[in-house]
Amino acid sequence: MKTGKRLCVLLLIVSMLLLNGCWNYQEIEKFSMVSGFAIDRGTEGHKYHFTFEFLDLSGSNPGSKLLETEGDTVFDGIRNAISKSQKKLTFSECKVVVISKDLASEGITPLLDFVSRDAEPRLTLVPMISEEKTAGEILQQKPVTDHLICLEIDQMLAQNVASLSKTPRVKLYQANNMLAGEGTSLVLPSIKVAEQQTATTVELAGTAIFKKDKLIGFLDADQSQLFLFIKNQIKGGLLLTSPDSDGRNITLEIEESGTKITPILTQNPPAVKIDIKTVCALGENQTAKKHIPTERIKDVEKSAKSGLETSVSNLIKTAQKQYKCDIFGFGNLIYQNDPQLWEQDKAKWDEIFTAMDIAVTADIKINNTARVGD
């Protein structure tokens, strides 16, 4: 009996030693929690200019504050913030990094190195490209629904993926994988300032296109939706189609969509076949024909199918002729299916990509008209 009591006491002592709470706990009041930051070209003799947004916990109403610093590296700029703030910046809750387009055109790899290496920033944060003159002015805009503009941007990206599908949400680890991978070019979400009646705010603009790690152009929101169709990343959104010659629209709400890409490796150069299958509900009818019988549904499906095939094909031609850049990952498909062929072709892949034959077929089904009379 005494042995059992002694054993229990010993276990309790060991537990107290091992279960001692957070070993690296630190007071939150000593830190400024960064929600996001922007990187621009330096203005005071340094290479880079930084704008940090952080949560101010002083006072009864927590809110956003901005801090600007300069540095010759990202780490240098962050550390230099100590000279302007009594609190150390912490990046465990950092959601976005906004990069100016002129810096991105020179190469984005050095700008992502620190956030990829350091223990504080999460690999799920989102790098973005500003379509404005600077990246800092994005953070200077007032949020519409939140205290922090960077948190609002992150939430806008999440909602866009679920309900609009017109801007890709690329996390840091995914960007690193694209930069280091085979046969696909980097793409990142882009953002701009939006004018409203009484103020300005921010708006997701579309997609930034890179060749290796250098920015070479942008896709607008509508082009970005077509890009996401090809990448099989459509989660929701709308399709507009005009089945009649008067140009009046019917709006289809996408319920589900899937894309299958098949590489054809027996041809020289290789070819690609893209099959898109999308199920929609009829969300709005602005045509002169208000009644929608079965044969009318077939006409709408046919019109939407034709429009999607043409638009996707035109986007691919733009990537081939204007950007000469495989943003779709066709080269990666060849790498996965025939590594030996990829080894032969990868040195001249941009040239091969521009000459590829790419066939697009779409299948649009309307399963719901939302009206009893139709």
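**Exercise 1. State which helices each supply at least two residues of the lining of the second largest pocket, and describe that pocket.**

Step 1. The helices are H7 and helix H12 (349-355), each of which supplies at least two lining residues. Helices (H or I, at least four residues) and strands (E, at least two) are DSSP runs, numbered from the N terminus. Residues are numbered from 1 along each chain as its sequence is written. The model is predicted, so local features need pLDDT of at least 70 and side-chain atom pairs count only at pLDDT 80 or more, while totals for chains, interfaces and linings use all residues; side-chain values use heavy atoms, with hydrogens and water left out.

Step 2. A pocket is, on a 1 Å grid over the protein atoms alone, an open set of points where a 1.4 Å probe fits, with protein on both sides within 12 Å along at least five of seven lines; lining residues have an atom within 4 Å of a point. The second largest pocket holds about 420 Å³ of space, a volume being the space filled by probe spheres set on the points, which are joined across faces, edges and corners.

Step 3. Its lining has 19 residues, and Gly183, Thr184, Ser185, Lys212 and Asp350 lie nearest its centre.

**Exercise 2. Locate serine 165 and asparagine 232, and state whether each is buried or exposed or in between.**

Step 1. Serine 165 is in the loop between helix H6 (149-163) and helix H7 (172-180), and its phi is near 55 degrees. Serine 165 has 1% relative accessibility and counts as buried (buried means under 20% relative accessible area, exposed over 50%, partly exposed in between, with a 1.4 Å probe and protein chains only).

Step 2. Asparagine 232 is in the loop between helix H8 (221-230) and strand E10 (238-241), and its phi is near 60 degrees. With a relative accessible area of 39%, asparagine 232 is partly exposed.

Step 3. Most residues other than glycine have a negative phi, and most peptide bonds are trans.

Step 4. A cis peptide bond joins asparagine 268 and proline 269, with omega about 5 degrees. Proline 269 is in the loop between strand E11 (250-264) and strand E12 (271-285).

**Exercise 3. Characterise the pair formed by phenylalanine 52 and phenylalanine 91.**

Step 1. Rings of Phe, Tyr and Trp (its six-membered ring) pair if their centres lie within 6.5 Å; planes under 30 degrees apart count as stacked, over 60 as edge-to-face and the rest as tilted. The structure has 11 aromatic pairs.

Step 2. Phenylalanine 52 and phenylalanine 91 are 6.1 Å apart centre to centre, with 75 degrees between the planes, an edge-to-face pair.

Step 3. Phenylalanine 52 lies in strand E2 (residues 48-56) and phenylalanine 91 in the loop between strand E4 (88-90) and strand E5 (96-100), so the pair ties together parts 39 residues apart in sequence. Both residues are buried.
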